[in-house]
Amino acid sequence: MPAEQPVAANPLVGIEERPGVAKPDPLLTATGIVRRFGGLTAVDVAHLEVQRGLITALIGPNGAGKTTFFNLVTGFDTPDEGTWSYDGAPMGSLAAHQVARKGMVRTFQLTKALSKLSVMENMKLGAAGQTGENFFRALAGGWKAQEKANEERADMLLARFKMDHMREEFAGTLSGGQRKLLEMARALMADPKLIMLDEPMAGVNPALTESLLGHVKQLRDEGRTVVFVEHDMDVVRDISDWVVVMAEGSIIAEGPHEAIGANQQVIDAYLGTSHDSALDFSEDLSPGDADQ
């Protein structure tokens with residue numbers, strides 16, 4: 001796990017607030033990403049750069065294409081057009097598990113905990129490069145020491161997320177909020193540089209939301225990069241360093257949250273062209289349905 005770093009000044013302060021703006025040190029870059037479903041263009045992203053070491057919020061009305069974009073750049077779906085790179089390396093030919101091995105992991109809006117396995121077993125599944133996964137290497141031995149190290153790391157992460165007391169419980173018995181915590185903790189088993197969170201606060205009670213917000217901020221403090229999809233603008237205001245807005249599959253705005261709230265294109269996308277007042281980032285403007 002990377003050592004915690006002192007929080008530095010936001011390197012994006014002062015850069016131009018426009019869609020596709022170049023960042024000083026992008027970790028993820030996507031260009032010309034298009035995904036069509038029949039006659040519908042779900043994603044049409046001309047250019048997007050995600051700054052290393054910051055928390056970037058990806059927001060937009062329901063159906064804007066946010067989750068589809070996540071699926072495309074993490075290998076869970078294939079675009080019709082476009083290229084993207086992670087830490088300078090092209091990623092277009094990689095499957096989802098290969099993307100994760102590179103240090104780019106994601107969570108899901110509907111959590112993917114394996115309900116009939118214990119919390120600890122779910123955690124150990126997230127560890128990368130396990131010797132026991134290869135039949136011949138497993139026969140050669142040496143996997144027991146690795147298994148012990150993985151379990152020790154899992155215990156450390158469960159303690160960090162205050163779930164160590166549930167290590168032997170079946171994942172299916174956890175609440176929705178606890179499953180979100182488990183999925184985030186399991187993602188960290190791979191020691192990723194980039195974590196993409198799809199609506200991490202959805203369906204979580206207010207008390208647990210505060211805990212999740214603290215965990216996301218801690219990821220940044222450790223030097224990791226976070227991109228998260230969120231509808232709750234209060235959450236966006238609290239933890240984001242930069243906001244990217246999607247509407248009808250395209251990036252329509254980028255900037256700090258205070259600038260986004262006053263952007264006329266964003267207001268039109270959320271509320272319609274008859275509105276001309278700034279968005280209130282203290283309200284949840286678009287709760288509910290998942291992106292398609």
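**Sheet, rings and burial**

Guide: Four strands make an open, antiparallel sheet in the order E2-E1-E4-E5. Its edge strands are E2 (40–51) and E5 (89–90), each of which pairs on one side only. Helices (H or I, at least four residues) and strands (E, at least two) are DSSP runs numbered from the N terminus. This is a predicted model, where local features need pLDDT of at least 70 and side-chain atom pairs pLDDT 80 or more, while totals for chains, interfaces and linings use all residues. Residues are numbered from 1 along each chain as its sequence is written, and side-chain values use heavy atoms, without hydrogens and water.

Visitor: What makes E4 and E5 a pair?

Guide: Two strands pair if DSSP finds at least two bridges between them. E4 and E5 are joined by 2 bridges and run antiparallel, so they pair. Tyr 86 has Ala 89 in E5 as its bridge partner.

Visitor: Which strands does H1 lie across?

Guide: H1 lies across E1 (26–37), E2 and E4, at about 65° to E2. Axes are lines fitted to C-alpha atoms, for helices over the stretch in contact (heavy atoms within 4.5 Å), and angles run from 0 to 180 degrees between N-to-C directions.

Visitor: How many aromatic pairs does a search of the whole structure find?

Guide: The search finds 1 aromatic pair. The ring centres of Phe 76 and Phe 108 are 5.2 Å apart and the planes are at 90°, so the pair is edge-to-face. Rings of Phe, Tyr and Trp (its six-membered ring) pair if their centres lie within 6.5 Å; planes under 30 degrees apart are stacked, over 60 edge-to-face, the rest tilted. Phe 76 is in the loop between H1 (66–73) and E4 (81–86), and Phe 108, 32 residues apart from it, is in the loop between E6 (104–106) and H3 (119–125).

Visitor: Why is Phe 108 called buried?

Guide: Buried means under 20% relative accessible area, exposed over 50%, partly exposed in between (1.4 Å probe, protein chains only). Phe 108 has 18% relative accessibility, so Phe 108 counts as buried. Phe 76, at 45%, counts as partly exposed.

Visitor: Where does the charged end of Arg 106 sit?

Guide: The charged end of Arg 106 sits over the ring of Phe 76, 5.2 Å from the ring centre. The criterion is NZ of Lys or CZ of Arg within 6 Å of the ring centre and within 35 degrees of the ring normal. Arg 35 lies over the face of Phe 37, 4.3 Å from the ring centre.
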